[in-house]
Amino acid sequence: SLSKLQLKTGDLDPRLFSRLRHLQKLDLSDNLLDKFPNSLTLPDLRVLNCNNNKLEDVTALKQFPLLEELTYENNVYLTLNDDYKVMFLLQNLRLLNGKDITKLANHVRRVNSRKLTSKVTAHWEKFFRDQLPEKYTAEQVKSIKKKFLKSVQTNVVYGPSSLSEFTRWRVKMIAEEFLAYSLGLELNTDPEPEEKMDENEEESTESPREAAEDVGQVGDFSSYINNVTVTPSKRKRNHSKPGSGNKRSKSQANTKEEAAEDVSAEPLHFLQCHSKGNSREDFKTQLWSCVFEPLLDCGARKDPVVSSSRTVATCGGESICLIDCETGTVLKKYKVATEEFFSVAWTTLTMVISNSRKKSHNILAAAGRRGIVKLIHVAADFCYGEIKAHKKPIATVCFSPTRETHLFTASYDKRIALWDIGIPDCDYNFKASQLLVLEALSIPLRIALVPTCSDQYLLAGCEGGCFAWNIKLDKEQKSRPFEAIFQFPDEDGGMTTSHRVDGLAFLNDDVVVSKSSKPGCIYLWSWSRSFDTKGKGCQRTVSAVILAELEWSTTDLSYLTLSTCPAKDYVFCGDEQGSVWMYNLSNYTTAWSSAKGKRTDKRIPPTQILNWPELRANGEQLTEVLINNVVSDPTFTYLVVLTSVNITAIWKKS
């Protein structure tokens, strides 16, 4: 027993362990191991306990071929994929984490392997065999091997999406064995770290019933959304299963008819993954917020074309989902039965993992009706903490772009709080502290930090107007009133401060886009020309310097919010009929940024309106679809549309 000794991987000296020729039981639980050295040997080892460590990989365990019992619970980086890997690698394994896996392991080793082998062979025969000339050079073989291994891992799919990493790992192994046998290539037997998912790999959601819980109803959604008619191009689209590899090539869309109609986006997926109790009858759960995951070197999956994240977190009802926009796969799902989530936000924290090594991880903050912020370490599938931030619901949350641990929470208690969430240590201990409380006169609905001075000023759209606060932390005053309230034109031609502002975002460093409940009204205005940062006094009334007004729906419905894509000068806003209004403002922004930039007199019409397709659920058309939110990734490749009928629509720019 070597339990509870603070052992790290470097402490397991192969020279010592290789002398233990007859050791049968080894307990390494409650240590700090992140991996196993490859040459411990231990040829007679039968029982191994690695509970409560930091293990990131299990493939080195194949050096213990006689292992019969293995436990590695509470290693947060290990997943279901690792369970399947050890079942395949350890032919004598009977018990895994206390469960008898004999039957399942036989299936993994035999049936699974047989199916994958036939798929790999078929892929070679169909796409690669004819590429190799009768007399081939070593260089040609090397080239075709590289292409084949990449293609086969991308295209051969089998089993539930939750096992896609294991499937890719096995497919690569089988493909290398196949090439070695067919072409006489040397087999690479060096143990190597598992490759990260390739940029354009897809996952299948063809899942057996027992995996359905992982992905909600996504795999089956196509079976009862019968026909999707897409406007404006009026094409009928067979709605194949999300994630079943239905990528379109660009050339497919370039018919003359479509080019003339300027189709700038096409629908990829319609997902019903936030259902209460996973009910496929749920068309009532409201979806409120979505944010694209920040890119990490090894984290969020990059789109092959634009090097941008294609994974998005969405929230609504009792759940949060992480979705791959390209394949429509729900990668992860987090549920709290008593919660209704209203907002999600990402930050990237540099955490110490082991051996004092540091690693960047994306952390998701989620909040809603209970006034509690949940902190989720997404890669580890672990909600490591919560902050009881407010006694009333939290409408929205956002992180500071310059201080990664600073989180703003805006609540129905008419306060906006600034928290330092701290950085969790390797045992996920963390300390959160409240730094500021901003007092609002009404409920804050949307918040935005001013890009040029994000440590100094915060804007909020509230039930009773648009406000600005000084948030500089060098001031001693912890509870602060607003510094300015902004006036806007009212319906009678005068100016008013009193209106509901339910949409707020910056288009660039200076231009603010805000939406008020005055029917059909989205204003663009200048922060720097409206607000004099040198002005003295609190609670000033300031007139917003309007640059332009966008033409939008005449509805008086509230809480249909807007968003921006600053890199492409786009504004997006959904309406009460399921349509998405898109405004390309790149022709206007240069003029607005000049010192004498004048107001654009005419209302700016949308560049395009994406109409809601004819979706049928249980044979009946879905009607009265409100678009609560619509968000693009930073490069405007994907557009994620959240509705009032529990459907997440994903569009892709053509």
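Q: Which residue in E12 stands opposite Ile 323?
A: This is a predicted model, in which local features need pLDDT of at least 70, side-chain atom pairs count only at pLDDT 80 or more, and totals for chains, interfaces and linings use all residues. Residues are numbered from 1 along each chain as its sequence is written, and side-chain values use heavy atoms, with hydrogens and water left out. Strand E11 (residues 319-324) pairs with E12 in the antiparallel sense over 6 bridges, where pairing takes at least two bridges found by DSSP. In E12, the residue opposite Ile 323 is Val 330.

Q: Which strands stand at the edges of the sheet?
A: Strands (E, at least two residues) and helices (H or I, at least four) are DSSP runs numbered from the N terminus. The sheet is open, with 4 strands in the order E9-E10-E11-E12 and antiparallel pairing. Two strands have a single partner each, so one side of each is left without a neighbour in the sheet: E9 (287-292) and E12 (329-335).

Q: What is the average twist from one strand to the next?
A: Axes are lines fitted to C-alpha atoms, for helices over the stretch in contact, and angles run from 0 to 180 degrees between N-to-C directions. In the sheet E9-E10-E11-E12, the twist from strand to strand averages 20 degrees.

Q: How many aromatic pairs are there?
A: Rings of Phe, Tyr and Trp (its six-membered ring) pair if their centres lie within 6.5 Å; planes under 30 degrees apart count as stacked, over 60 as edge-to-face and the rest as tilted. By this rule, the count of aromatic pairs is 28.

Q: What is the angle between the planes of Phe 128 and Phe 148?
A: The centres of these two rings are 5.3 Å apart and the pair is edge-to-face. Phe 128 lies in the loop between helix H3 (102-127) and helix H4 (138-155), and Phe 148 in helix H4, 20 residues apart. The angle between their planes is 70 degrees.

Q: Is Phe 148 buried or exposed?
A: Buried means under 20% relative accessible area, exposed over 50%, and partly exposed in between (1.4 Å probe, protein chains only). With a relative accessible area of 0%, Phe 148 is buried.

Q: How are H3 and H4 oriented to each other?
A: Their axes are 11 Å apart and the packing angle is about 130 degrees. Angles under 35 degrees count as roughly parallel, over 145 as roughly antiparallel, 65 to 115 as roughly perpendicular and the rest as oblique. That makes H3 to H4 oblique.
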